[in-house]
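Me: I have a model open and I'm new to it. Can we go through it piece by piece?

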Amino acid sequence: MTAPSASRPEATSTDVVAEAARRRTFAVISHPDAGKSTLTEALALHARVIGQAGAVHGKAGRRGTVSDWMDMERARGISITSAALQFAYRDAVVNLLDTPGHADFSEDTYRVLTAVDAAVMLIDAAKGLEAQTMKLFAVCRHRGIPVITVVNKWDRPGKDALALMDEVVERTGLTPTALTWPVGIAGDFRGVLDRRDGSYRRFTRTAGGATVAPEEQLSAAEAAASEPDAWAQAQEEVDLLAATAGEHDQELFLSGVTTPVLFASAVSNFGVGTLLDVLVDLAPAPAGRPDADGAVRPVDAPFSGFVFKVQSGMDAAHRDRLAYIRICSGVFERGMVVTHDATGRPFATKYAQQVFGRERESIDVAFPGDVVGLVNASALHVGDTLFTERPVSFPPLTTFAPEHFAVVRSIETARHKQFRRGIEQLESEGVVQVLRSDRRGDQAPVFAVVGPMQFEVASHRMEQEFGAPVHLEPLPYSLAVRTDEASVARITASSGTEVLRRSDGELLALFTTKWVLRVLREGKPDLTLEPLVAAQLG
Ligand SMILES: Nc1nc2c(ncn2[C@@H]2O[C@H](COP(=O)(O)OP(=O)(O)OP(=O)(O)O)[C@@H](O)[C@H]2O)c(=O)[nH]1
Ligand SMILES: [Mg+2]
């Protein structure tokens, strides 16, 4: 911790523990389009930090959610990059990260999942479990992240609620423990039966779902009188459920055996208040974090945190760059000097900000679980650790193996400086990986990405943000493996291959097909041809 100063007394260890205990840091995740950004906004609305949700929801005309701030996101109605929102609710401090659902941006989602203590998984009531849903459940299991499941869009015709629960059990292996149960079939959402006390929470629609939907709590007898059929059906289903699904058990939830389930309609703000309360009541507070050697740094250890995301272009007027830090231990005080593990150098944290979508304001103090933005911290890269006193390095973040490659050239040769700067920035944010070789030269580096939509984002940002319009020429490669200098000449002697150097120094051999790679491996078994990462989400 920093030395006590007259103006800002040092927080005691008890403060840190108590402050950490108030934090709830979680990601909202799902297959594309299940309603993450809409739910994010609805949660902020319920916490009364925004006055009105995006008025007109619906892809074409909606007014953009707070977390989808990029012009491309607003134009297309999808999330391209994750967004952080911090706000207070009840006695808690909520750090919410809205992630992009599209597989092409899954590396961003994956990084966010390294920085949270829990996840809210959305399932579209009409679609059930989809491809990305399955991958994300697997990532959460692998990382030991407890998941709260929300069946969303219950205001629209969809699947049967019991069938959805069966799907969860059969396909994820998790036991769903429904905390609420819908009253009214999908498409006729009247309210929920709260399984915790047997009461009925009746929702009232508001115009366009723009404001908090009033909720009344009725007893079972009152519910039976007011909605005889729908209530009876909900009761019947809940009885059936009791036979198969378990009750909530905090230990089993935290250890990833069960997932509490809630029913909601984010667009109408139904069930959102209950979710917020469940997050505060059940989601885990920050705990000590294992370092790269597996030793746990407890929350009351001296300050530590790591960078899980870098983003620029949030503020068109200032063109600044924000490094998002997840605080793991200790007290963060703006202005404190910390050590940057990658360089061993001191790093001054003069410009620290609390983030709310694209809005930001200066923050003076932060605690474990908090996400803090450091402005123009150009030395910081994704995965870097910052600490005070006792040194620590948290595990490096996995870089995904690219599967699409394109040569990038500046359309206007006079704008070479802007071209270089843009490429450097996109690379440092991890929007694309950049590969180079002597043969191709510095004017024509190669963008390497997990999914082709990353090309569109990169090309759009090169033009809009850096004033360097580019032309992308796709290359025929579809996979990359790690190699070494000694193998290069013999690899490139085969057709359908090329070796380039990534800016982190790694040599990557690219192949048109896995057959080309296999033939080479079999013919020349002594070559270094190693997978870049063991497994990936995407
Ligand atoms: N009917 C209905 N529509 C919803 C609900 N929640 C979200 N939507 C709509 O579904 C569409 C997608 O919503 P988003 O919140 O952008 O979905 P997302 O999961 O953030 O999408 P990506 O970030 O691109 O993966 C929008 O048109 C929303 O208005 C809901 O509860 N009911
Ligand atoms: Mg979104």
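Me: Is Cys-328 buried or exposed?

Reply: Cys-328 is buried, with a relative accessible area of 2%. Buried means under 20% relative accessible area, exposed over 50%, and partly exposed in between, with a 1.4 Å probe and protein chains only. This is a predicted model, where local features need pLDDT of at least 70, side-chain atom pairs count only at pLDDT 80 or more, and totals for chains, interfaces and linings use all residues. Residues are numbered from 1 along each chain as its sequence is written, chains are lettered from A and ligands numbered from 1 in the order written, and side-chain values use heavy atoms, with hydrogens and water left out.

Me: And Cys-140, buried or exposed?

Reply: Cys-140 is buried, at a relative accessible area of 1%.

Me: How many disulfides are there?

Reply: The count is zero, where a disulfide is a pair of cysteine sulfur atoms within 2.5 Å. The closest cysteine sulfur to that of Cys-140 is in Cys-328, 18 Å away, so it is too far for a bond.

Me: New topic. What coordinates the magnesium ion?

Reply: Ser-37 and Ser-79 coordinate the magnesium ion (ligand 2) through their OG atoms, at 2.0 to 2.1 Å. Donors are N, O and S atoms within 2.8 Å of the metal (3.2 Å for Na, K and Ca); water is not among the atoms, so sites may look incomplete.

Me: Where do Ser-37 and Ser-79 lie?

Reply: Ser-37 is in helix 2, and Ser-79 is in the loop between helix 3 (71-76) and strand 2 (83-89), so the pair ties together parts 42 residues apart in sequence. Helices (H or I, at least four residues) and strands (E, at least two) are DSSP runs, numbered from the N terminus. Ser-37 is buried at 8% relative accessible area, and Ser-79 is buried at 10%.

Me: What about ligand 1, how many residues surround it?

Reply: 22 residues surround ligand 1, and the closest are Lys-36, Ser-37, Thr-38, Ser-79 and Asp-155. A residue counts if one of its heavy atoms lies within 4 Å. Helix 2 (residues 36-46) gives the largest share of this shell, three residues.
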